[in-house]
2 protein chains.
Amino acid sequence: MTDHFEFVPGGSITTPAGFAAGSAFCGIKTSGLDLCVIASENPCEAGGVFTTNKVKAAPLLLSQQRLAGGSVQAIVVNSGNANACTGKRGHQDALETTELVAEKFGLDVDEVLVASTGVIGVQLPMEKLRTGLRSIELNDDGGADSARAIMTTDLQPKMAAVRYGSAGHTINIGGISKGSGMIHPNLATMLSFVATDAALAPGFAQQAIARAADNSFNLISVDGDNSTNDTLVLLANGKANNPPIVEGTQEGHDFERALTAVCVELAKAIARDGEGATRLIEVRVSGALSADDAKVAARSVVSSSLVKAAVHGSDPNWGRIICAVGYSGAEVDQSRVDISVGNVALMIDGEIQPFDAGAASAQLAGPDVSMGVNLHLGDAEALAWGCDLSEEYVHINADYTT
Amino acid sequence: MTDHFEFVPGGSITTPAGFAAGSAFCGIKTSGLDLCVIASENPCEAGGVFTTNKVKAAPLLLSQQRLAGGSVQAIVVNSGNANACTGKRGHQDALETTELVAEKFGLDVDEVLVASTGVIGVQLPMEKLRTGLRSIELNDDGGADSARAIMTTDLQPKMAAVRYGSAGHTINIGGISKGSGMIHPNLATMLSFVATDAALAPGFAQQAIARAADNSFNLISVDGDNSTNDTLVLLANGKANNPPIVEGTQEGHDFERALTAVCVELAKAIARDGEGATRLIEVRVSGALSADDAKVAARSVVSSSLVKAAVHGSDPNWGRIICAVGYSGAEVDQSRVDISVGNVALMIDGEIQPFDAGAASAQLAGPDVSMGVNLHLGDAEALAWGCDLSEEYVHINADYTT
């Protein structure tokens, strides 16, 4: 199937018409941009997906509540401090942050969301944040800087955008993400913001972003931890002047495919840039009894510390792959399983294949590693993405707050 | 509550009367003992718990089948090769191994179990194993050697035994374990064999060992991987000449407490000796709504890569503790949670406490680290055990087969 959309080189959240962003360094981090505002010229249809962790950060609770209330025009984000487990003062600080943004840019405070990422359990340095917010100016090409401003231990900013024509209208979808540690299925310390100039019928933004998350961010794993702050938000401002897109139509289908492509690109960028990671691992599980089985099996493989460490050592220890499939919960008949690494078949019908260890090892040595598992039980398939586990991951996480 | 039993210094699986063991080096590993036979003078009441992984090794399937069939008199174990994912030949090799043992020691082959641990997906070197088996002699004090013979990347042999008096009879319970990598709740590459000279009523061995596993081996985590070979077996030969112990009686209760103590000791030894581990982490969750909630919350904390890495760095990053509790699935009200590390309170009623970072860090720096989480929602509590995550874990696992 040929894609109906094209990626926009260098595109980001300000690629769609009518979106601007501004960033600042206010000193929450020791260096680098650590604060940004993303805003639309007009209020947007919005949808969002938030952490499933029962411990939720103050900004997340506030944003979740406002998103449920209706339209959204801006999002303010700080990195370096998660404002999580910060008690009553944390809620007050999240509220004040949105009030400052509403006041400065002349917005309705109920249409301003807030997100934070960084260390848990330390109060936000509000004086620095207030000063920083005063210095922020919005720019039509501010998206790349905003991708930097939301980074914590990320090494690379993450952004992507696509564009396609729909009945004489050009529709853009662009987004930014941050990830790195604590990335796991069902969202982990991941912030991701996606904007589109498409007009969406009421309610469709929520449906579309939830499904796109299931097929992108919920299929990646870095280290199995779900955070208190995970937030994914879609804003649609209608500047493309298309007739509002309705769920279930051809236009709705096209929009979701393009949106999912942006989300997959951002999700893969998160997995590739996992803390200490040197390789992106893509696992395709096919022949599963159901789509859910395919997803849990693929996620189980990319989540296994032993698989991840084996990839780091370019060690074709495929037994760890079938082991992770076996405990995933998916239906498995071990006498029917095929396993391959890159283009090297390691197991067919549950029987070990003679293989060239050097050739198999070479398949694990590049920046992009692919593994295939065919369960031969049905016709469902799924992809999942993860990264290798390196000594550097331990270095980073043994010494994060001190 | 004072314990009614005492630990036997240096005790192992041959501490109970009528059990003997013999070990050999046959070359499956490059060095060290790699083969052992554990046998009772007479057939035993037996119970067992096996991996929940849907991919099961050939020896495990054979042992599971024989255990269901009735009594057991001996177990043969090799380390260095898991005989997992080895297809039809793997089954034939497991069968032959038990036949050789039955023949050599004059046993009924249906009463011989077999277990293997080590690399997955490589056929057993049967010629070496046959030669090794010929050299094995059983000794009443062979337990300590058998604890060494089942080791893979374990650094320390693991054994424990307790003894208590019951109505004029002395009852001994002793066991050996191996663990190291792939250790996780619901058993991971863990082999554990426990023997007792108590007489048990029919069916009680299975009940008792399943409950003891729930309160010991199922509460430890090294790296979240469940293996294809996990096996825990209890053999009871009745040599203590006590009236057979019946479930639900005071004698049954006493036996289970003593059995659980042996299993906890072995489980903690596995966690402490996790691959690359330098510290044992004990997490106590109290105030949970239910016993299940307490267990899942405690296991979630000891399973978190971020908590484990923070302990390795003596970093009192307690936000990761509450985060892991939050995504565990247990009921949590974040405004009521207390968290402590050692004797240092870090959070009370969901509010951050001022604490001395040096003092908190010191609580994480010793070989035994304890963490407390009080959910203040009910009165259930549970302990779980794990280990820190070190660079060494990655070294070991990046290069296991090659």
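This is a predicted model: local features need pLDDT of at least 70, side-chain atom pairs count only at pLDDT 80 or more; totals for chains, interfaces and linings use all residues.
Of the 402 residues of chain A, 62% count as buried.

**Chain A as a whole**

- Chain A holds 11 helices and 16 strands. Its radius of gyration is 21 Å, close to the 21 Å that the globule rule gives for 402 residues, so chain A is as compact as a globular protein of that length.
- Along the principal axes, the C-alpha atoms of chain A fill a box of roughly 70 × 55 × 35 Å.
- If you look at contacts in chain A between residues at least 6 apart in sequence, 80% of them join residues at least 24 apart.
- Chain A exposes about 13,600 Å², and carbon and sulfur atoms supply 49% of that area.

**Ser328(A), a loop residue**

- You will find Ser328(A) in the loop between α9 (319–326) and β12 (338–341) of chain A.
- Ser328(A) counts as buried because its relative accessibility is 18%, and the cut-off for buried is under 20%.
- A polar atom of the Ser328(A) side chain lies 3.1 Å from the backbone nitrogen of Ala330(A).
- Leaving aside residues up to four places away in sequence, Ser328(A) touches Val296(A), Ala297(A) and Ser300(A).

**Asp338(B) and His376(B), a side-chain pair**

- Asp338(B) sits in strand β12 (residues 338–341) of chain B, while His376(B) lies in the loop between β15 (368–374) and β16 (380–387).
- A polar contact of 2.6 Å joins the side chains of Asp338(B) and His376(B).
- With a relative accessible area of 19%, Asp338(B) is buried, whereas His376(B), at 32% relative accessibility, counts as partly exposed.
- The neighbours of Asp338(B), not counting residues up to four places away in sequence, are Met347(B), Ile348(B), Asp349(B), Gly372(B), Val373(B), Asn374(B) and His376(B).

- Asn53(B) belongs to the loop between β3 (35–50) and α1 (58–69) of chain B. Its relative accessibility is 0%, so Asn53(B) counts as buried.
- The side chain of Asn53(B) reaches the backbone nitrogen of Val55(B) at 2.8 Å.
- Although Asn53(B) and Thr228(B) are 175 residues apart along the chain, their C-alpha atoms are separated by 5.9 Å.
- Asn241(B) is found in the loop between β10 (231–236) and α6 (250–272) of chain B. With a relative accessible area of 59%, Asn241(B) is exposed.
- Phi of Asn241(B) is near 60°, again a positive value in a residue other than glycine.

- Glu127(B) is part of helix α3 (residues 126–135) of chain B, and its relative accessible area of 48% makes Glu127(B) partly exposed.
- The side chains of Glu127(B) and Arg130(B) are joined by a polar contact of 2.7 Å.
- Glu127(B) and Cys26(B) are 101 residues apart along the chain, and their C-alpha atoms are separated by 9.3 Å.
- Ala291(B) is in helix α7 (residues 291–303) of chain B. At 45% relative accessibility, Ala291(B) counts as partly exposed.
- The C-alpha atoms of Ala291(B) and Ser335(B) are separated by 21 Å, and the two residues are 44 apart along the chain.

Notes:
Residues are numbered from 1 along each chain as its sequence is written. Chains are lettered from A and ligands numbered from 1 in the order in which they are written. Side-chain values use heavy atoms; hydrogens and water are left out. Helices (H or I, at least four residues) and strands (E, at least two) are DSSP runs, numbered from the N terminus. The radius of gyration is taken over C-alpha atoms; the globule rule is 2.2 Å times the number of residues to the power 0.38. Buried means under 20% relative accessible area, exposed over 50%, partly exposed in between (1.4 Å probe, protein chains only). Contact means heavy atoms within 4.5 Å. Accessible areas come from the Shrake-Rupley method with a 1.4 Å probe; for residues, only the protein chains shown count as cover. A polar contact is a pair of N or O atoms within 3.5 Å; within protein, one must be able to donate a hydrogen and the other to accept it, and residues adjacent in sequence count only if both atoms are side-chain atoms.
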